[in-house]
Amino acid sequence: MGETITADRLLDACRLLFGTEVEPSLDFLKYLQESGIKSAYRKKARETHPDRASILNCDVKYLENQFKLVNDAYRYLLSYVQNPAKFIIIHKTIPRRPERPAPLRENRIPFGRYLYYRGFITYRNLIEALLWQKKKRPPLGELAKRMRLLKDGEVREILRRRRPGEMFGESALRLGFLSPGELERLLQRQRLIQPRIGRYFIEKGILSLSEVERLAWEFRLANQKRNRIFGFG
């Protein structure tokens, strides 16, 4: 008899280890590999290790609790991936993700999700493309130095005082090194110079250049139509 678990518990473990880098779903679990779990665990373990309490200016008990949660999530996901047959997943509050979910009513659907909704890429393609794009994105601290919003010593100070799980921009804002307007400028610049997600699909042979160009044109038209229908913009 397999161990009965809820979808919520598995996805909560994913959120704890992977943070905002991915959108956890049961489809995501299908493609989860041991190497990915171990890589995410090493990163989170470094961030939450109790030995960093003095460096992060955090309560050691808080870090001990976070470190335990990270280790529990790691062991749980690793056990699931190594032998999924021994688990029986029951669906409570989080149902199985449909093959092609209906787009949400929002101002702008990202191009990657548009391709997924249209059926041109798989969910795995989308996740891998987003992770590729994130790796290619210039670090916010380096970008802030280039834009002369922060000095090298200030970047190091922000990194030293960053709380577990906190993004660099959030830390800089909390510590008073950046204003909300400056952070928004940085994020806009970062998005502007990061590689287009369509490039990933071309490089991997998933879509051709002409297909990406055609779909990008259709994507712009679709967003314009949504704006007219829902009154955005």
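**View 1. Gln190 in helix α11.** Gln190 is located in helix α11, which spans residues 180-193; helices are DSSP runs of H or I with at least four residues, numbered from the N terminus. The model is predicted, and local features need pLDDT of at least 70, side-chain atom pairs count only at pLDDT 80 or more, and totals for chains, interfaces and linings use all residues. Residues are numbered from 1 along each chain as its sequence is written, and side-chain values use heavy atoms, with hydrogens and water left out. With a relative accessible area of 12%, Gln190 is buried (under 20% relative accessible area, 1.4 Å probe, protein chains only). A polar atom of the Gln190 side chain lies 2.8 Å from the backbone oxygen of Pro138. Not counting residues up to four places away in sequence, Gln190 touches Arg137, Pro138, Pro139, Leu140 and Leu143 (contact: heavy atoms within 4.5 Å).

**View 2. Asn125 in helix α7.** Helix α7, residues 123-136, holds Asn125. This residue is buried, its relative accessible area being 15%. A polar atom of the Asn125 side chain lies 3.0 Å from the backbone nitrogen of Thr122. Leaving aside neighbours within four places in sequence, Asn125 is in contact with Tyr200, Phe201 and Ile206. Leu115 is ten residues from Asn125 in sequence, and their C-alpha atoms are 10.0 Å apart.

**View 3. Packing of α3 against α5.** The axes of α3 and α5 come within 10 Å and cross at roughly 175° (lines fitted to C-alpha atoms over the stretch in contact, with angles from 0 to 180 degrees between N-to-C directions). The two helices are therefore roughly antiparallel, a term for angles over 145 degrees. Among the contact residues are Ile37, Tyr41 and Ala45 of α3 and Phe67, Tyr74 and Leu77 of α5. The residues of this contact divide into ten nonpolar, four polar and four charged.

**View 4. The nonpolar cores.** The largest nonpolar core has 40 residues, and Leu17, Leu77 and Phe111 have the most contacts inside it. Such a core is a set of buried Ala, Val, Leu, Ile, Met, Phe, Trp, Tyr and Cys residues joined through side-chain atoms within 4.5 Å. Elements giving two or more residues to this core include α1 (7-18), α3 (34-48), α5 (60-82) and α13 (209-230). The largest share, seven residues, comes from α5. Leu77 touches several residues beyond four places away in sequence, among them Leu10, Leu17, Phe18 and Ile37. A second, separate core of 13 residues includes Ala144, Val155, Leu175 and Leu178.

Terms used
Buried means under 20% relative accessible area, exposed over 50%, partly exposed in between (1.4 Å probe, protein chains only). A polar contact is a pair of N or O atoms within 3.5 Å; within protein, one must be able to donate a hydrogen and the other to accept it, and residues adjacent in sequence count only if both atoms are side-chain atoms. Angles under 35 degrees count as roughly parallel, over 145 as roughly antiparallel, 65 to 115 as roughly perpendicular and the rest as oblique. Ala, Val, Leu, Ile, Met, Phe, Trp, Tyr, Cys and Pro count as nonpolar, Asp, Glu, Lys and Arg as charged, and the others, Gly among them, as polar.
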